[in-house]
Amino acid sequence: MLTQLVIVGAGQPVIHKLIHDLESFFYILVSICVLLDGPYKLKCDKDLVQCFDKYFNTFDPSVLKMITIQLDLTWKLLILQHILTYFEPLIDLLTSLHDAIIVPL
């Protein structure tokens with residue numbers, strides 16, 4: 001729903017659809033991969049400030065988050081580079097989900 005909430009603006013109704021649940025799943029999976037270095041191991045504060053805090057550590061729908069993650073170029077340059085070795089096997093899955101769920105929104 002992030003994309004539609006940002007587009008319609010604060011206080012405007014958005015009808016919840018199945019695609020919104022898939023979008024939420026995608027964001028949760030990406031945020032876990034960006035937040036952690038491995039099982040139970042948070043990244044250092046310096047690394048978190050560069051990516052996680054800017055795009056994921058917010059309660060408000062963010063135009064910056066939406067644009068950064070939705071556009072293919074910024075997705076690769078600003079998000080995927082923060083996924084470290086432990087989560088690298090998930091990059092293909094994240095990219096497939098990104099292309100199937102996020103880009104069409």
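Reader: Is Lys76 buried, partly exposed or exposed, and at what relative accessibility?
Author: This is a predicted model, and every value here is computed from it. Buried means under 20% relative accessible area, and exposed means over 50%. Lys76 falls in between, so the label is partly exposed, at 45% relative accessibility.

Reader: Which side chain does Lys76 meet in a salt bridge?
Author: A salt bridge needs a side-chain nitrogen of Lys or Arg within 4 Å of a carboxyl oxygen of Asp or Glu. By this rule the count comes to one salt bridge. Its N to O distance is 3.4 Å, and the partner of Lys76 is Asp72.

Reader: What share of the 105 residues in the chain is buried?
Author: The chain exposes about 6,500 Å². Carbon and sulfur atoms supply 65% of that area. Of the 105 residues, the buried share is 37%.

Reader: Among contacts between residues at least 6 apart in sequence, what share joins residues at least 24 apart?
Author: A contact here means heavy atoms within 4.5 Å. Take the contacts between residues at least 6 apart in sequence. The share that joins residues at least 24 apart is 60%.

Reader: How many aromatic pairs does the structure hold, and what is the geometry of Phe26 and Trp75?
Author: The structure holds three aromatic pairs. Phe26 and Trp75 form one of them, at 5.5 Å centre to centre. Planes under 30 degrees apart count as stacked and those over 60 as edge-to-face. The planes of Phe26 and Trp75 are 40° apart, so the pair is tilted.

Reader: Which helices does the Phe26 and Trp75 pair link?
Author: Both residues are buried. They sit 49 residues apart, so the pair links distant parts of the chain as helices are assigned here. Phe26 is in helix α2 (residues 18-35), and Trp75 is in helix α6 (residues 72-79).

Reader: Which residues do ring pairs link into a cluster?
Author: Phe26 and Trp75 are both buried. Ring pairs place them in a cluster that also takes in Tyr27. The cluster is Phe26, Tyr27 and Trp75.

Reader: Which backbone oxygen does the side chain of His98 reach?
Author: His98 lies in helix α7 (residues 91-102). Its relative accessible area is 0%, so His98 is buried. The His98 side chain also makes a polar contact with the side chain of Asp99 (3.1 Å). At 2.6 Å it reaches the backbone oxygen of Ile69.

Reader: Leaving aside neighbours within four places in sequence, which residues is His98 in contact with?
Author: His98 is buried. Sequence neighbours within four places are set aside. The remaining contacts are Phe26, Ile69, Gln70, Asp72, Trp75, Val103 and Pro104.

Reader: Which residues make the nonpolar surface patch of about 250 Å²?
Author: Patch residues need over 30% relative accessible area. Ile67, in helix α5 (residues 63-70), is partly exposed at 39%. The patch is made by Val63, Ile67 and Leu71.

Reader: Is Lys65 buried or exposed?
Author: Lys65 is found in helix α5. The C-alpha atoms of Lys65 and Trp75 are separated by 10.0 Å. Relative accessibility of Lys65 is 13%, so the label is buried.

Reader: What phi does Tyr40 have?
Author: Tyr40 is found in the loop between β1 (36-38) and β2 (41-42). Its relative accessible area is 86%, so Tyr40 is exposed. Tyr40 is not a glycine, yet its phi is positive, at about 60°.

Technical notes:
Residues are numbered from 1 along each chain as its sequence is written. This is a predicted model: local features need pLDDT of at least 70, side-chain atom pairs count only at pLDDT 80 or more; totals for chains, interfaces and linings use all residues. Side-chain values use heavy atoms; hydrogens and water are left out. Rings of Phe, Tyr and Trp (its six-membered ring) pair if their centres lie within 6.5 Å; planes under 30 degrees apart count as stacked, over 60 as edge-to-face and the rest as tilted. Helices (H or I, at least four residues) and strands (E, at least two) are DSSP runs, numbered from the N terminus. Buried means under 20% relative accessible area, exposed over 50%, partly exposed in between (1.4 Å probe, protein chains only). A polar contact is a pair of N or O atoms within 3.5 Å; within protein, one must be able to donate a hydrogen and the other to accept it, and residues adjacent in sequence count only if both atoms are side-chain atoms. Patches are made of residues with over 30% relative accessible area and no salt bridge: like charges are joined within 9 Å, nonpolar side chains (Val, Leu, Ile, Met, Phe, Trp, Tyr) within 5 Å. Accessible areas come from the Shrake-Rupley method with a 1.4 Å probe; for residues, only the protein chains shown count as cover.
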